[in-house]
Amino acid sequence: MQRHLPVTPSQALQWQGGPKVSFVAPLTDWHGFIAEPLPCFALVICDFVAALSTRLQQEGRRYPDLAALGFWLRPRNIDEQRKRMAGRMPLGMVFHLVPSNVPTVAFYSWLMALLTGNSSVVRLSSRIDPMQEAMLAILNELFQQPGWRPVAERTRFVRYGHDEGITAWLSDRCRLRIVWGGDETIRRVRAIPLSPNAQEVVFPDRRSMAVLDSRWLAGLAPERLQQVLSALQQDCTRFNQRACASPTTLCWLGEPDNDLRRHVLEAVFAPFAQDPALAMERLINSQQNAAMVGEMQLSTLPGVTLLTPATSLRLPHIGGGTVAEFVADNLIELLKQPWDMQTCVWGGEQKAQCEAALVEATACHIDRVVAPGQALAFEWHWDGLDMLRVCSRKHTNAQ
């Protein structure tokens, strides 16, 4: 691969300063962009990520999600992954197409490619999000420092409209295309050819669930119950349930009594209760789900509408507190269902037993089981894929 992306004069005139492409980090253009990668976990990359980690952890009051990202990137965690990835090599230039519903996905995807040495072009949504803009401002601060020039030269965060020509131009020059988005977005992007040497990884529409053991919850001390419910609230209401890891299905283990059910649901979905627009969204979603899925039971509480479909485990329309509700008598009955879930938030004592049982539960497709409060936490694996391995290749002589 050539050291610099080949940009002809006509392309340069079209892209630089024009309405189609906006360069947002670094604040530059294509000149000086280096497609040639660095070694996996190169020292300058690890030092840059350490500096980024420190800076992000200072954002705790304004943006807790960025502070959490910074904590996850602390040097000890990075060093563990560096050792695990010994013998791996970068791919080249990675082209990322990321969604608007979860602002941090763009940076997560970019960091997986960066740590494994790759250069990146990240196409951001045109929707402006304050947290994403704060992160871009921090990156631009760091990119201006001479010591981080090797990272800045291999990074471009850009925005452009739905222009298949630009997407095709970048797709022809990348070695890996990562597509995060809805199923229809992925279908459109997949129709755009890649270089014969390139790979592609897609993250389509997924759903997640929370399993609540009613007997376990009923036996918790009030303070402990409040801790669990606060953690579940974070899992269920961040990003208006649009994140693929946000539970949109609640499954009770054991029928809860009415008082416990009401208390749990009102506490978890309290952030949705005061917004009239979300109440209308729940009403519309309920009608659309009934039209598409068929007959279902419906119950409403402040902030949440519970639907019990007769024939489907997945609601096509979610958001604003629209939730599918099921009851299973025990773990065996739960895992007999053909779940297709990215994340299962486990509110009970049998988490390890559930994880072990999933190995034998061939009807289930659940990628990860987490404790309350951890659904949206950053991990090195996503949708069952080892992201650092996705962004790298094995050296033929490596053990």
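Modeller: Start with strand β3 (residues 93-97) and strand β6 (residues 176-180). They run parallel and are joined by four bridges. H96 has I178 in β6 as its bridge partner. The model is predicted: local features need pLDDT of at least 70, side-chain atom pairs count only at pLDDT 80 or more, and totals for chains, interfaces and linings use all residues. Residues are numbered from 1 along each chain as its sequence is written, and side-chain values use heavy atoms, with hydrogens and water left out. Helices (H or I, at least four residues) and strands (E, at least two) are DSSP runs numbered from the N terminus. Strands pair if DSSP finds at least two bridges between them.

Now widen the view. β3 and β6 belong to an open sheet of six strands, ordered β1-β5-β4-β3-β6-β7, and its pairing is mixed. The edges are β1 and β7 (199-203). Each has a single partner strand, so one side of each is left without a neighbour in the sheet. From one strand to the next the twist averages 20°. Angles run from 0 to 180 degrees between N-to-C directions, and axes are lines fitted to C-alpha atoms, for helices over the stretch in contact.

Helices pack on this sheet. α6 touches β1, β4 (119-124) and β5 (155-159), and its direction makes about 145° with that of β5. Contact here is heavy atoms within 4.5 Å. Helix α9 (residues 183-190) touches β3, β6 and β7, and makes about 165° with the direction of β7.

α6 also has a helix partner. Helix α3 (residues 64-72) packs against helix α6 (residues 130-143) at an angle of about 45°, and their axes are 10 Å apart. α3 and α6 are therefore oblique to each other. The classes are roughly parallel under 35 degrees, roughly antiparallel over 145, roughly perpendicular at 65 to 115, and oblique for the rest. D65, L66 and L69 are the α3 residues in the contact; in α6 they meet M131, A134 and M135. Nonpolar covers Ala, Val, Leu, Ile, Met, Phe, Trp, Tyr, Cys and Pro; charged covers Asp, Glu, Lys and Arg; the others, Gly among them, are polar.

F33 sits in the loop between β1 (22-25) and α2 (43-57). F33 is buried, at a relative accessible area of 1%. Buried means under 20%, exposed over 50%, partly exposed in between (1.4 Å probe, protein chains only). F33 lies 119 residues from A152 in sequence, yet their C-alpha atoms are 8.3 Å apart in space.

Next, the seven-stranded sheet. This open sheet has the order β10-β11-β12-β9-β8-β13-β14, with mixed pairing. β10 (296-301) and β14 (365-370) are its edge strands, each pairing on one side only. Neighbouring strands are turned by 30° against each other on average, direction ignored.

β10 and β11 run antiparallel, with six bridges. Q297 is partnered with T308 in β11. Strand β11 (residues 304-309) then runs parallel to β12, and three bridges join them. L306 stands opposite V323 in β12.

In strand β12 (residues 322-328), six of the seven residues are buried, so the strand is largely enclosed by the rest of the structure. Strand β9 (residues 247-253) pairs with β12 in the parallel sense over five bridges. There T249 faces A324 in β12. T249 in β9 is also the bridge partner of M209.

β8 and β9 run parallel, with six bridges. On its other pairing, β8 runs parallel to strand β13 (residues 340-347), with four bridges. L212 stands opposite G347 in β13. Six of the six residues of β8 are buried, so β8 is largely enclosed by the rest of the structure. S208, A210 and L212 point one way; M209, V211 and D213 point the other way; all are buried.

Last, the helix across this sheet. α12 lies across β8 (208-213), β9, β10, β11 and β12, at about 70° to β10. Helix α11 (residues 222-237) packs with helix α12 (residues 258-268) at about 50°, with axes 8 Å apart. α11 and α12 are therefore oblique to each other. L225, L229, L232, Q233, C236 and T237 in α11 meet H263, V264, A267 and V268 in α12. The residues of this contact divide into seven nonpolar, three polar and no charged.
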